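Subject: structure handover

Hi,

Here's the structure I said I'd pass along. Have a look at it first, then read my notes below.

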Amino acid sequence: MKPAFDLTELFRAAWPGNAGEEARMEAAFAEKFRFSAAVFFPYGRTAIHALLRTMGWRNREIVVPAYTCVVVPHTVMLSGNRVSFVDCQADYFHPSAGQLADRLGPGAAMVVPTPLYGYPLDGEGYRQAIQERSPGVFVLYDAAQCFGLQEASGRFQFEDADAVLLALGVGKLLCSLTGGLMLFKDASLAKQVRAYRDRTFIPPTWGDAVAKWAYGAAVWAAFRNPVLVLTHFLEHKTSLLHTFTEDLYGKTGPSLPAGNNKQPTALQARLARLQLRRYPEIIKEKRRISSVYENLLQQEGFKLFPHRSTPTYAQFPLQVKARDPVMAALLDRGIQAGNLIDYSCPDLPGYEGSQGTCPNASQFGREMINLPNGPYMPPRDVERVVRAMVDIRQAQPDWFR
Ligand SMILES: *Cc1c(COP(=O)(O)O)cnc(C)c1O
């Protein structure tokens with residue numbers, strides 16, 4: 001979990017004279033990913049909420065993967081619609097096209113394909129399943145963790161989507177501190193969603209701008225070194241970063257975070273635009289580090305997740321049998337692994353009716369870890385992480401698969 005901005009960018013973003021920054025940033029993202037328009041929101045989840053409200057849906061069925069960020073089903077519930085969960089494969093954290101097809105049907109209003117961790121879905125299979133089972137369903141790609149992921153043919157995986165969610169919070173590929181962007185195929189729908197936003201969200205104050213800057217500086221300090229234990233310390237011993245924890249993600253039930261009704265500051269819009277310029281470099285870095293992991297881990301006989309095209313590696317996922325002990329043993333060696341999604345959504349409070357329906361997702365929720373792969377991580381740190389994994393496995397073989 002490293003935000004991919006540096007302190008210089010934060011200072012440049014905070015510089016006065018950024019009126020119109022939001023519109024410039026929206027236009028830059030729409031152009032980069034080849035959609036008609038983009039609309040910037042305080043969080044990714046508020047963008048989904050605004051879309052569902054603008055569509056005017058009530059009690060409609062929204063098809064969402066079980067193993068995904070919980071804010072997505074929460075938002076569907078809070079909008080007054082119903083979540084239909086799709087389980088993932090037994091040996092892969094994405095649903096197969098067949099599993100998706102089984103959940104689709106004439107009743108589905110929207111489907112949310114989610115290339116989690118930046119790993120590609122079976123794009124062709126998904127398109128066919130949607131075409132056959134739910135033609136006309138609204139396709140919202142949740143690209144929060146993949147951004148411009150390409151299929152083997154070179155097309156963007158989300159190219160046919162009606163809308164695309166990009167998340168810009170801490171730990172995403174690009175970061176505007178907090179924020180979410182929705183890309184739209186149909187410019188008139190984008191206009192309606194923007195009008196909804198402008199009616200619903202209030203402008204940030206000067207105080208908000210100062211607070212965001214301070215938050216940015218804290219985030220930058222905490223995530224400077226992706227292997228550093230400092231982040232763990234901050235999360236557990238101080239309240240500085242407490243917004244990262246349960247509160248923000250609402251693991252105790254559907255809710256939206258405080259401040260979700262305020263538009264992001266111009267600083268955030270500007271930071272996102274500066275970040276977008278570095279997008280190719282950030283992806284290149286993620287791929288460089290992750291391919292070192294893949295080579296070394298493969299040599300050591302760890303089971304990796306195969307991919308149909310090169311992932312963008314928002315996170316580097318690895319499945320282990322005993323997650324908490326493995327993470328603790330890594331921490332003893334000064335390495336902070338992540339457990340970004342340590343649950344399956346149907347097993348969380350608020351979804352009692354779906355509990356136990358997605359056993360594969362439940363297993364990934366218990367067993368997945370994310371190895372540190374922040375941009376600019378030096379090769380020797382990657383080697384150090386792999387060596388630590390090998391040592392831990394030698395001492396405790398049953399912690400691993
Ligand atoms: C981060 C994320 C979101 C949206 O997050 P916000 O905190 O609301 O900006 C949505 N889906 C996935 C898969 C994510 O990782």
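Before the helix pairs, one term: an axis here is a line fitted to C-alpha atoms, for helices over the stretch in contact, and the angle is taken between N-to-C directions. Also keep in mind that this is a predicted model.

With that in hand, start with α3 and α4. Their axes come within 9 Å and cross at roughly 35°, and the crossing of α3 past α4 is right-handed. On the α3 side, the contact uses R45, I48, H49, L52 and R53, while α4 brings V71, V72, T75, V76 and L78. Sorted by class, that makes 6 nonpolar, 2 polar and 2 charged residues.

- G44: a backbone N or O atom sits 2.7 Å from a ligand oxygen atom.
- R45: a polar side-chain atom is 2.7 Å from an oxygen atom of the ligand.
- D142: an N or O atom of the side chain lies 2.7 Å from a nitrogen atom of the ligand.

How much of the ligand does the protein bury? On its own the ligand exposes 390 Å², and the protein buries 98% of that.

One more helix pair, elsewhere in the numbering. The axes of α12 (residues 279-299) and α15 (residues 379-395) come within 10 Å and cross at roughly 35°; α12 passes α15 in a right-handed crossing too. From α12 the contact takes R288, I289, V292, Y293, L296 and L297, and from α15 it takes P379, V382, E383, V385 and V386. Here the count is 9 nonpolar and 2 charged residues, with no polar ones.

Cheers

Definitions and conventions:
Residues numbered from 1 in each chain as written. Predicted model: local features only at pLDDT ≥ 70, side-chain atom pairs only at ≥ 80, totals over all residues. Heavy atoms only, no water. Axes fitted to C-alpha atoms, helices over the stretch in contact; angles between N-to-C directions. Helix = DSSP H or I, 4+ residues; strand = E, 2+ residues; numbered from the N terminus. Left-handed = near helix turned anticlockwise from the far one by under 90°. Contact = heavy atoms within 4.5 Å. Nonpolar A, V, L, I, M, F, W, Y, C, P; charged D, E, K, R; others polar. Polar contact = N/O pair within 3.5 Å; in protein donor to acceptor, adjacent residues only side chain to side chain. Areas by Shrake-Rupley, 256 points an atom, 1.4 Å probe, with all protein chains shown as cover.
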